[in-house]
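Please keep the sequence and the structure in view while reading.

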Amino acid sequence: MLWLQLTITGLQTGALYALTAVGFSLIFGTTRVFHFAHGAAFVLAAYVFYWADQAGLGIAVGVILAALAAMAFGVAMDRIVYAPIQRHEGSFFTVFVASFGVGIAVQNIVGMVFGRSFVTINTPLSNSVELMSGVYVAPLTWIAIFCVAVFFGALQLFLRRTHTGVALRALADSPELIRVFGLDPRRISAAAFALGSLLVVPGAVITALGSGLNPALGSHVMLISLAATIVGGIGSINGVLVAGFVLGLAENLSQIFVQSQWSEAVTFAILFLVILLKPAGLFGRIQAR
Amino acid sequence: MSLRPILQARGLTTGYSEAPVLENLDITLGEGEVLCLIGHNGAGKSTLMKTLFGLHPAWEGVVELDGRPITGADPKALSRAGVAMVPEGRGIFPNLTVDEIFDLGLWAVGVPEGERGPRRDWVLGVLPMIGEFRHRRAGTLSGGQAQMVSIARALLGRPRILLMDEPSIGLAPKLFQDLLAPIRALQLQEGLSILLVEQNVREALKISDRAEVMKSGRMIWQGRPEELSDNRKLMELY
C-alpha cells in the first residue's frame with residue numbers, strides 16, 4: 001500500500017503547492033511582475049504564525065496575523081519596490097533582480113531572528129491516524145485538501161463576481177486599456193499582490209504545523225510555484241492548480257523509484273518535459289505578443 | 001467660433017523620449033459639436049488624444065475643461081468629469097464577456113449601483129445590436145461588434161465629451177456608416193461634444209460640424225467639412 005500512502009501524502013503536498021503557485025500565477029498573470037519574493041511572503045507568513053504560537057496567541061490569531069503579514073508584504077513590494085522601478089521604465093530583469101534581492105534579505109532577516117535550524121509546532125493535527133492497513137493520514141492532510149477547495153473556489157468566485165476580480169482579469173489583458181476605462185492600474189495591481197500573497201497562508205500555516213520550517217524554505221516554494229506556473233500554463237489559474245497537484249504527487253510517488261532527496265529533480269524533469277513537448281504549458285495558449 | 005469651448009488645449013507640446021510629436025498646438029472643441037481631426041500616420045493625432053485624456057503627459061501648454069485647467073489630470077479624474085475615450089484599435093478586454101466589460105465600465109466611472117441596470121438598458125437602446133452578443137466573450141467578436149462594444153462602453157458614463165480615435169480601423173465603409181449613424185443621432189439629441197480622429201475622411205466628414213487637418217504635430221488647416229471637401233488639394237492628400 002506504499003503507493004496509496006504516497007498518493008495521499010502527495011495530495012497534501014500538491015494542495016499546498018497548488019495554492020501557493022496559484023498566488024504566484026495570479027500576480028504574474030495580471031501584473032507581469034516576476035515576483036520572486038513570493039517565496040519570502042510564504043516564509044514570513046509561516047514564521048509570523050510560528051511566533052504567534054510561541055507567544056501563546058492561539059491558532060486563529062496566528063492565522064490572521066500570518067495573513068496580514070503576507071498581504072502587507074505583497075502590497076509593500078508592489079508599492080515600494082516594483083512601482084518605482086516601473087515608473088522609471090525599468091526592465092523585466094531589473095524587477096526580477098530587485099525581487100530576488102528582497103527575497104534573500106527576508107530569508108536572512110528571518111534567519112537572524114528565529115535561527116537557521118528547523119522549527120516545528122507540536123500539534124495533534126499532525127498525528128497520523130491509520131486509515132486502513134498500512135495507510136496513515138494526519139488531520140492536516142484533510143485540512144490541506146479542504147483549504148485548497150475553499151480558497152480556490154472563493155478565488156474563482158471573486159474573479160468572476162466582484163468588480164475588483166473582473167478588473168484583475170482585465171488588467172491581465174491590457175493595463176493601458178484599464179486606464180482608458182478610468183481605473184487606476186496601480187490599485188488593481190495592489191489587489192493582485194494582496195490576493196496572491198494571501199494564497200500562501202494555508203501552505204505556510206500547514207507547513208509550520210506539519211513538516212516544519214526553516215528560513216531557506218522560500219526558495220523551494222518559489223521554484224515549485226514557478227514550475228507549476230509553467231507546467232500549468234501562464235495565465236491559466238486552473239492549469240496551475242492542476243500542475244501543483246501533479247508536482248506534489250510526482251514528488252511523492254517518485255519515492256517508489258528514487259530516494260526522497262531526488263524528489264526535487266523529479267519536479268524539474270517534469271518541467272523540462274512540458275517545456276519540450278508543450279511549451280505553452282498543459283492548459284496555456286500560445287499568444288502572439 | 002461661436003460655440004462655447006468645452007475642451008481646449010493651448011500651446012501643447014509633447015512627445016516621446018526627446019523627440020517632440022506635438023509642437024505648440026492649439027485645439028478647441030466646442031460644446032455640442034463634432035470636430036473631425038484628419039492627418040496622415042505620424043501626424044500626432046493619437047498622441048494628441050492621449051494627452052487630452054491624460055494617458056500621456058504634456059511637456060508644455062495647458063489643457064482646459066470648461067475653462068478650468070486640467071493639464072496632468074489622470075483618465076480617472078477626466079472620466080468622472082464627463083470625458084470618455086474610445087481608443088484606437090479594439091477597446092475591449094478579449095477575455096471578458098461584453099456584460100463584464102459593461103459592468104467594469106459602469107463601476108469605473110462611479111455609476112451608483114441602482115442606476116447601472118437602467119444605464120445599461122439605455123446604451124443597449126442606442127446600439128441595440130449589442131443585445132445579440134452581450135453574453136459572448138469579447139475576444140470572439142467581429143471587428144465591427146468589438147468597436148460597437150468599445151463605443152457603448154464609453155457611453156455608459158453618459159459623457160459630455162467623447163474622444164474617438166480612429167473607430168473605422170478594420171471596418172468596411174458601410175459598417176462604419178452604420179456605426180456612426182446612431183452616435184450622430186445621440187450627439188444631436190444630447191448635445192454631446194465629439195472629437196473624432198479619422199483616416200476615413202469622407203465618411204467622417206459626413207457627421208462632422210468642423211474639421212481640422214494636422215501635419216507633423218501642428219494644425220495646418222481648419223474649416224467646415226464642405227470647405228474641406230471642396231479643397232481638392234487637401235482631399236487628394238487625405
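How many bridges join strand E1 of chain B to E2(B)? Strand E1 (residues 5-16) of chain B is joined to E2(B) by 8 bridges, and the two run antiparallel.

## Basis of the model

This is a predicted model, in which local features need pLDDT of at least 70, side-chain atom pairs count only at pLDDT 80 or more, and totals for chains, interfaces and linings use all residues. Residues are numbered from 1 along each chain as its sequence is written, while chains are lettered from A and ligands numbered from 1 in the order in which they are written.

The model has an ipTM of 0.91 and a pTM of 0.90. For chain B, the average pLDDT (the predictor's confidence in each residue, from 0 to 100) is 91, and 98% of the residues score at least 70.

## The sheet of chain B

Chain B holds an open sheet of 4 strands in the order E2-E1-E4-E5, with antiparallel pairing. Its edge strands, E2 (19-30) and E5 (68-69), each pair on one side only. Helices (H or I, at least four residues) and strands (E, at least two) are DSSP runs, numbered from the N terminus; two strands pair if DSSP finds at least two bridges between them.

Strands of a sheet pair through backbone hydrogen bonds. B:Tyr16 has B:Ala19 in E2(B) as its bridge partner.

## The contact between the chains

Chain A contributes 14 residues to the contact and chain B contributes 19; residues are in contact if their C-beta atoms, placed from the backbone, lie within 7 Å. On the side of chain A that touches chain B, helix H6 (163-173) and helix H7 (175-180) of chain A are the elements that give two or more residues. H6(A) gives the most, with 6 residues.

Definitions and conventions
Two residues are in contact if their C-beta atoms, placed from the backbone, lie within 7 Å.
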